[in-house]
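Please keep the sequence and the model open while reading.

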Amino acid sequence: MQTVYRLPTVRLTDESTRDIAADLIVVPAFEDDDFADESELDTMAGGAIGRARQSGEFKGKAFEVFVTTLAHGAKAPRAMLVGAGARGDVTADVLRRMASTAGLAARQRRIPTLALIQRATSTVPADAATQAMAEGILLANFEVASYKTGDAARGWIEAVALRVANPTAVAPALERGVVLGECTNIARELANEPGNVLTPRTFADRAARLAGAAGLQVDVLDEQRIAELKMGMLLGVTRGSHEPPRIVVIRHEPPQPLDGVVLGLVGKGVTFDSGGISIKPAENMDKMKDDMSGGAAVVAALIAIARLGAPVRCIGVVPMTENMPGGQATRPGDILISAEGKTVEILNTDAEGRLILGDALWYARELGVTHIVDVATLTGACVVALGKTTSGLFGTPPAWVEQVRLASERAGDRSWPMPVFDDYKELLKSDIADFTNTGGRAGGAITGALFVKEFSGNLPWVHMDIAGTAWAEEAKPYQPKGPTGVAVRTLAELALDVRSWVKLDS
Ligand code: BES
Ligand code: MN
Ligand code: ZN
């Protein structure tokens with residue numbers, strides 16, 4: 001495999017646009033922009049910017065790109081204007097996407113060194129802008145074509161200077177942005193791997209190596225240990241596969257943790273989901289190599305949490321398995337007994353995610369977590385409900401759901417709350433066992449969440465369904481086709497911001 005992302009050097013500077021030495025200067029441009037704060041720019045461009053605005057070639061609409069040569073005293077040979085929409089509506093997310101757009105456009109042109117200009121806005125503080133722009137640039141330095149043997153379609157960004165008003169003030173924000181961007185790419189790299197390369201064992205090995213290198217404590221439970229713990233639901237999913245399951249447990253133990261809080265992060269790690277005996281149609285089955293995106297997000301988020309020193313104890317639990325048909329596979333009608341003791345009638349072997357999450361949530365509780373967030377590519381129904389850009393949030397109490405939603409908003413991972421009313425529970429009624437593993441088509445994302453809730457032990461719990469958001473099917477100026485790394489930054493932001501939600505409970 002070729003590297004799928006690169007880490008550019010990133011530095012802060014307060015040099016003037018005229019004095020920055022880079023292959024390309026990136027300037028965010030707003031609609032109706034007079035560039036009062038960059039008055040030399042159009043002079044250096046020989047008037048090309050004014051002409052492009054006049055003719056309507058470049059309007060400053062979000063993520064439009066305009067490249068012009070510079071002369072007349074500028075050290076850099078070119079400038080790229082990237083549209084950022086109306087100045088009054090700019091958010092950190094717009095700046096993140098603006099920086100990604102610039103990075104992808106520069107890579108397309110094989111331009112390796114960039115300078116990004118940060119312009120003051122009334123809506124985004126300088127530190128949030130710095131973090132978001134750093135994240136955006138790192139997200140652009142990711143490549144999905146990791147197994148192509150020919151020439152790469154795009155170059156890499158090697159060095160970035162971020163021009164800000166006060167470099168010292170925003171240095172911590174830059175660090176945060178670089179780490180969060182890099183960790184998002186770690187998750188994308190894992191999700192991009194095909195099922196024959198990333199098996200439960202290799203996923204566990206890679207997760208352990210990456211987490212260990214970040215100073216986290218790692219435990220890998222093998223099939224024997226999983227059997228001793230009587231995780232009948234996880235084992236039931238694995239039965240049809242020749243690949244043994246794993247559970248990776250990752251601990252972040254900061255030197256001075258907040259008292260009484262242990263954040264539990266659980267991620268679905270199905271390295272390939274064929275559906276099992278209830279086999280999926282052939283069309284698009286290849287997409288199911290990314291059914292471990294939630295697990296990858298948990299691993300990568302914990303790496304970010306460790307590197308940024310979040311002041312809260314965190315425990316990540318990632319159950320890893322394939323879901324395959326075979327002579328030993330679990331059949332529809334079979335009964336599985338969870339580690340907690342609850343019994344499940346399997347009606348559809350393709351509803352496997354909730355089974356492995358249930359045993360993993362129980363294990364996280366055994367390890368002493370006080371708050372739970374699980375992340376999973378759980379249901380096609382969630383894609384129907386919310387589409388490809390918004391993850392579903394399910395959970396209780398509402399204040400905890402809202403904390404996760406706020407973290408996702410800061411992270412640029414859109415998410416929105418969905419109901420978990422008890423009324424839906426009757427859809428999981430079984431004649432023979434405690435409940436079934438599917439509730440039918442109606443409210444499919446909700447019944448999936450309610451199944452997982454059965455194993456949350458009444459702790460504050462949020463389930464994030466990323467079935468629609470984990471993989472981008474269409475390229476955008478700011479995002480290539482492929483794995484998005486959704487939820488990595490949400491989980492890290494949640495842990496970093498622990499002081500704002502811990503007081504909720506007291
Ligand atoms: N991994 C799938 C969910 C999925 C579907 C993710 C589409 C991404 C895109 C999950 O294991 C699954 O198969 N869910 C079933 C549940 C059903 C059988 C109750 C589904 O959504 O069809
Ligand atoms: Mn499935
Ligand atoms: Zn699945």
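A residue is near a molecule if one of its heavy atoms lies within 4 Å of it. Ligand 1 is surrounded by 15 residues, and the closest are K280, D291, D350, E352 and G380. This is a predicted model, in which local features need pLDDT of at least 70, side-chain atom pairs count only at pLDDT 80 or more, and totals for chains, interfaces and linings use all residues. Residues are numbered from 1 along each chain as its sequence is written, ligands are numbered from 1 in the order in which they are written, and side-chain values use heavy atoms, without hydrogens and water.

Polar contacts are pairs of N or O atoms within 3.5 Å. K280 places a polar side-chain atom 2.9 Å from an oxygen atom of ligand 1, and K268 places one 3.2 Å from an oxygen atom of ligand 1. A polar backbone atom of L378 is 3.4 Å from a nitrogen atom of the ligand. On its own, ligand 1 has 510 Å² of accessible area (Shrake-Rupley method, 1.4 Å probe), and the protein covers 77% of that area.

Which protein atoms hold the manganese ion (ligand 2)? Its protein donors (N, O and S atoms within 2.8 Å of the metal, or 3.2 Å for Na, K and Ca) are D273 (OD), D350 (O), D350 (OD) and E352 (OE), at 2.1 to 2.2 Å. Along the chain, the donors follow the spacing D-x76-D-x1-E. D273 lies in strand β10 (residues 269-273) and D350 in the loop between β13 (343-345) and α10 (353-366), so the pair ties together parts that are 77 residues apart in sequence; strands are DSSP runs (E) of at least two residues, and helices are runs (H or I) of at least four. D273 also coordinates the zinc ion (ligand 3), which is 3.2 Å from the manganese ion (ligand 2).

Key. A polar contact is a pair of N or O atoms within 3.5 Å; within protein, one must be able to donate a hydrogen and the other to accept it, and residues adjacent in sequence count only if both atoms are side-chain atoms.
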